[in-house]
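Please examine the sequence and the model displayed here before reading on. The paragraphs that follow lead from the overall architecture to single residues and then to a pocket.

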Amino acid sequence: MRGSIKLFSLFGISINIHVTFLLLLVLFLSGGIKWMALLMGVFFFVTLHEICHSLVARHYGIEVREITLLPIGGVASMSSMPEKPSQEFFISIAGPLFNLLVVAVFYLPLKNFLGPEILFYRPLSVATWPLTLAYLYWINLMLAIFNLIPAFPMDGGRVLRSLLAQKMGYQKATKIAVNLGHIFALIFAYFGIIRFNIILIAIAIFIYVAASNEEIHVDLKETLKKFRVKDILSADFFTVNADTTLSKLMELIFHSHQDDFPVVEDGKAVGFITRHDIMVGIHSIGAQATVKEIMRKDFPKVSETDLLVDVQKVMEENSLRALPVMNGEKPTGIVTIEDIGRIYSLASQKA
């Protein structure tokens, strides 16, 4: 995620902190060392919460690149979403179940160690270290309850969608969970405004935007299932050879409005070069460098019969905005993220 700083890696997953989190550190630092300790403890459990999601996702073959800690919680960046409702159910429920397990496991030890009068002290307080520990313990229950709200983007919204999707279409199930997300966002915003609570307002904005983005993402996915690469493929495209200089390639980009190129020798594709590769190459080794010095020799390929939804997934997994379309070893065109966006826009207007 942009604007994040890597802290460490856990189970091969990069644990990052977003720069906006530093604002929260400043606010809590003014409250004293106990507030800071509470904050660190909260995000320790938030990180483990997200790790649980990630490990279950890995079990289903979904790559998890990073976990980013934000002022309002954590976000796990997955290469793709689960294909089956049952997979989404177990991935989503794993986080809240971890927090509930913490509550169950530490209940008796903390009750004996702190005493009932401290463990059940209300309101929650950081006046002493024992009370701070009790506060952190109950935070886990709060995290579980909050994340189980049946609305996007909370885990409960995904659990709800996974259950509804078994009886109705995935798109309709998403719509219901998203609408609930919007309702909860408005409720949080209302109480945030009347109580002048910036955190509640921030949570409301996050929920509303994330829910809306999820709806768009699912609509896009369902729409793209109806089209194949051949439906949007243009016969008018350019290829380059390995000895072409980057300066010549930039001229071709300006005149053709094509940004990405298959590299061809003897009619066969031997590489692929993107606009990003070209710009990096010009800045690092100069405009007179040749394509063969920076081209991708190992690159994903698609065919004219592939579904656009699968093509988009390949693009996301490889962080590419374009892919060569191949017939054997011969390139037959280029498909770009802009092409996919146009077909979605046109299909949505017709609907």
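Helices (H or I, at least four residues) and strands (E, at least two) are DSSP runs, numbered from the N terminus. On this basis the protein has 13 helices and eight strands. The C-alpha trace spans about 80 × 50 × 40 Å along its principal axes. The model is predicted: local features need pLDDT of at least 70, side-chain atom pairs count only at pLDDT 80 or more, and totals for chains, interfaces and linings use all residues. Residues are numbered from 1 along each chain as its sequence is written, and side-chain values use heavy atoms, with hydrogens and water left out.

The term pLDDT denotes the predictor's confidence in each residue, from 0 to 100. Its mean over the protein is 86, and 94% of the residues reach 70 or more. Confidence is lowest in helix α1 (residues 21-29), with a mean of 69, and highest in helix α3 (residues 85-114), with 93.

Consider next helix α2 (residues 33-59), which has 27 residues. The expected span of a helix is 1.5 Å times one less than its number of residues. Just after α2, glycine 61 adopts a positive phi of about 85 degrees.

Rings of Phe, Tyr and Trp (its six-membered ring) pair if their centres lie within 6.5 Å; planes under 30 degrees apart count as stacked, over 60 as edge-to-face and the rest as tilted. The whole structure contains nine aromatic pairs. One of them joins tryptophan 35 and tyrosine 135 edge-to-face, at 6.2 Å centre to centre and with 70 degrees between the planes. Because tryptophan 35 belongs to helix α2 and tyrosine 135 to helix α5 (residues 129-147), this pair ties together parts that are 100 residues apart in sequence. A further cluster of aromatic residues is formed by Tyr107, Phe120, Tyr137 and Trp138.

Tyrosine 135 is buried at 15%, whereas tryptophan 35 is partly exposed at 28%. Of the 351 residues of the protein, 45% count as buried.

Some backbone features lie in loops. The peptide bond from arginine 122 to proline 123 is cis, with omega near 0 degrees, and proline 123 lies in the loop between α4 (116-119) and α5. Phenylalanine 196, in the loop between α7 and α8 (198-224), has a positive phi of about 55 degrees although it is not a glycine. Phenylalanine 196 is exposed, with a relative accessible area of 75%.

A pocket is an open set of points on a 1 Å grid over the protein atoms alone, where a 1.4 Å probe fits, with protein on both sides within 12 Å along at least five of seven lines; lining residues have an atom within 4 Å of a point. The second largest pocket holds about 580 Å³. It is lined by 24 residues, and those closest to its centre are Asp259, Asp260, Ile334, Thr336 and Glu338. The elements giving two or more residues to this lining are α10 (275-285), β8 (330-336) and α13 (337-350).

Notes: Grid points are joined across faces, edges and corners, and a volume is the space filled by probe spheres set on the points. Buried means under 20% relative accessible area, exposed over 50%, partly exposed in between (1.4 Å probe, protein chains only).
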